[in-house]
Amino acid sequence: MIIEIRAKNCYAFKDQIAFSMKADMRNKKFVTNVHKENNFNVIKTVGIYGPNNAGKTCLIKCIRAIKGVLLNKKNRLIPNIFTESDVCELGVTFMASGRKFSTVA
């Protein structure tokens, strides 16, 4: 289960961004949408919304790129055009078999 996605210098993201699936248990409204495992509370489903040109599509492209890297497929990452670096940094934190893993792709 995915806990967090990170991206830096990819598409529209110049600085590092983090898309977290950690549940805030102070809000008890949607308790049925929370998966609990080993002291982690993770949201089962999430929606992405925001104004135009905020990076929603770029986030989805980063998630697809991470999937492609993990499946050893060719990807088409594009670094942010406003930086001098050609290096795109992607990362994912996930739980598997009750253990937490963090990777950088």
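A: A pocket here is an open set of grid points with protein on both sides within 12 Å along at least five of seven lines, and a volume is the space filled by probe spheres set on the points. The model is a predicted one. Its largest pocket holds about 200 Å³ of space.

Q: What makes a residue part of the lining of the largest pocket, and which residues are they?
A: A lining residue has an atom within 4 Å of a point. For the largest pocket these are Tyr11, Lys61, Arg64, Ala65, Gly68, Lys74, Asn75, Arg76 and Leu77.

Q: How does that lining divide into nonpolar, polar and charged residues?
A: Three are nonpolar, two are polar and four are charged. Lys and Arg count as charged, whereas Gly falls among the polar residues.

Q: How do you know how many disulfides there are?
A: A disulfide is a covalent bond between the sulfur atoms of two cysteines. The rule asks for a pair of cysteine sulfur atoms within 2.5 Å, and the count by this rule is zero. For Cys10, the nearest cysteine sulfur belongs to Cys88 and is 3.5 Å away, so Cys10 is in no disulfide.

Q: What does Ser102 touch, leaving aside its neighbours within four places in sequence?
A: Contact means heavy atoms within 4.5 Å. By that rule Ser102 is in contact with Arg6, Val92 and Thr93. Thr32, 70 residues from Ser102 in sequence, has its C-alpha 26 Å from that of Ser102.

Q: What is the pattern of the protein along the sequence?
A: The order is β-β-β-β-α-β-β, which comes to one helix and six strands.

Q: How much of the protein counts as buried?
A: Of its 105 residues, 27% are buried. The protein exposes about 7,700 Å², with 53% of that area supplied by carbon and sulfur atoms.

Technical notes:
Residues are numbered from 1 along each chain as its sequence is written. This is a predicted model: local features need pLDDT of at least 70, side-chain atom pairs count only at pLDDT 80 or more; totals for chains, interfaces and linings use all residues. Side-chain values use heavy atoms; hydrogens and water are left out. On a 1 Å grid over the protein atoms alone, a cavity is a set of points where a 1.4 Å probe fits but cannot get out, and a pocket is an open set with protein on both sides within 12 Å along at least five of seven lines; lining residues have an atom within 4 Å of a point. Helices (H or I, at least four residues) and strands (E, at least two) are DSSP runs, numbered from the N terminus. Buried means under 20% relative accessible area, exposed over 50%, partly exposed in between (1.4 Å probe, protein chains only). Accessible areas come from the Shrake-Rupley method with a 1.4 Å probe; for residues, only the protein chains shown count as cover.
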